[in-house]
Amino acid sequence: MTILHLDSNHPLLKQQLTDLGFTNHDDFTSTKSEVEAKIHQYDGIIIRSRFTIDKQFLDAATHLKFIGRVGAGLENIDCDYAKTKGIHLISAPEGNRNAVGEHTLGMLLSLFNKLNKADREVREGKWLREDNRGLELDGKTVGIIGYGNMGNAFSKKLRGFDVNVLCYDIKDGVGNANAKQVDLETFQEEVDVVSLHVPQTPLTQNMIDAEFINGFKKPFWFLNTARGKSVITTNLVSALKSGQILGAGLDVLEYEKASFENLFTENNMPEAFQYLIQSENVLLTPHVAGWTIESKEKLAQTIVDKIQAKFA
């Protein structure tokens, strides 16, 4: 089998696939149409987020047996159409779940203790102790929406704290020793912190809207290390202004491109985003929650292992 690698990844991926007897070709620069013109020659594709694999692309891939996505989600692939063609889809949420769990916890602790604000002020010669008095996580109720690989990883990181952890998921029976599964009404009544860990699907797009936010009994802290398009940013900003959301840690934004590259210039910056970057109770990172030295290797290894189990 011959595999086309469309993005650079950890070198172990190609090396181990070669050792397993696969032929590996790279193409990190051709346009999508140029790749489409030759994709019929390949049995497998390895991609991160370079471009969308749509029906037109899949129709051209007449010999394709699998697509490996070196990442947690498959939203840049027309999965339903690929399955009708018998194409096996492989993702690697196991590879970066620990990184996401650690990053989410780091964002929460930073928000509670005003670490970024305090650091910036000290660098400016300000020594404002009372203004930077923090909150303790102990005694709070943390709510996790989406209790798969990422949600589980975050709940595992919370075990060292005296917190109550609840989870809400459309699937039944996903709760475990680290998080109690509850219905949405109970979730919205009890939580102090909401952490989003859902994949990008038609069900989750725009799910965090004004109606959802206002359904919570108490003001809450909000974390999103999942997908930006699950949140309507203007509604989030309105809730920050009203105090219904006390602060937000956002690793992802609805303004992101599918390729996860760049956002916009100052001339076309949305008003809601301008508010976020000026807010002291908002922490922003550039979609790097699962982006660690270790996860780069783990993601590649997961893809290799899954290809080997299915095709070697």
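This is a predicted model: local features need pLDDT of at least 70, side-chain atom pairs count only at pLDDT 80 or more; totals for chains, interfaces and linings use all residues.
Residues are numbered from 1 along each chain as its sequence is written, and side-chain values use heavy atoms, with hydrogens and water left out.

**View 1**
Helices (H or I, at least four residues) and strands (E, at least two) are DSSP runs, numbered from the N terminus. Strand β1 covers residues 2-5, with T2 and L4 pointing one way and I3 and H5 the other way. In a regular strand the side chains alternate between the two faces of the sheet. T2, I3, L4 and H5 are all buried, where buried means under 20% relative accessible area, exposed over 50%, and partly exposed in between (1.4 Å probe, protein chains only). β1 pairs with strand β2 (residues 23-26) in the parallel sense over four bridges; two strands pair if DSSP finds at least two bridges between them. Within β2, N24 is the bridge partner of I3.

**View 1. The largest pocket.**
On a 1 Å grid over the protein atoms alone, a pocket is an open set of points with protein on both sides within 12 Å along at least five of seven lines, whereas a cavity is a set of points where a 1.4 Å probe fits but cannot get out; lining residues have an atom within 4 Å of a point. Grid points are joined across faces, edges and corners, and a volume is the space filled by probe spheres set on the points. The largest pocket has a volume of about 1400 Å³. Its lining consists of 50 residues, of which A72, G73, V198, P199 and Q200 lie nearest the centre. By class, the lining of the largest pocket has 24 nonpolar, 16 polar and 10 charged residues. Here Ala, Val, Leu, Ile, Met, Phe, Trp, Tyr, Cys and Pro count as nonpolar, Asp, Glu, Lys and Arg as charged, and the others, Gly among them, as polar.

**View 2. The second largest pocket.**
This pocket is lined by 16 residues, and L111, S279, E280, N281 and V282 lie nearest its centre. The elements giving two or more residues to the lining are α5, α6 (115-123), α11 (271-278) and β12 (282-284). The largest share, four residues, comes from α6.

**View 3. T204 in its loop.**
T204 is found in the loop between β9 (193-196) and α9 (210-214). Why does T204 count as buried? T204 counts as buried because its relative accessible area is 9%. Residues up to four places away in sequence aside, T204 touches V198, P199, K229 and S230, a contact being heavy atoms within 4.5 Å. T204 and S230 are 26 residues apart in sequence and 5.4 Å apart in space, C-alpha to C-alpha.

N9 lies in the loop between β1 and α1 (11-19). N9 counts as buried because its relative accessibility is 18%. Neighbours within four places in sequence aside, N9 is in contact with I46, R48, V70 and K296.
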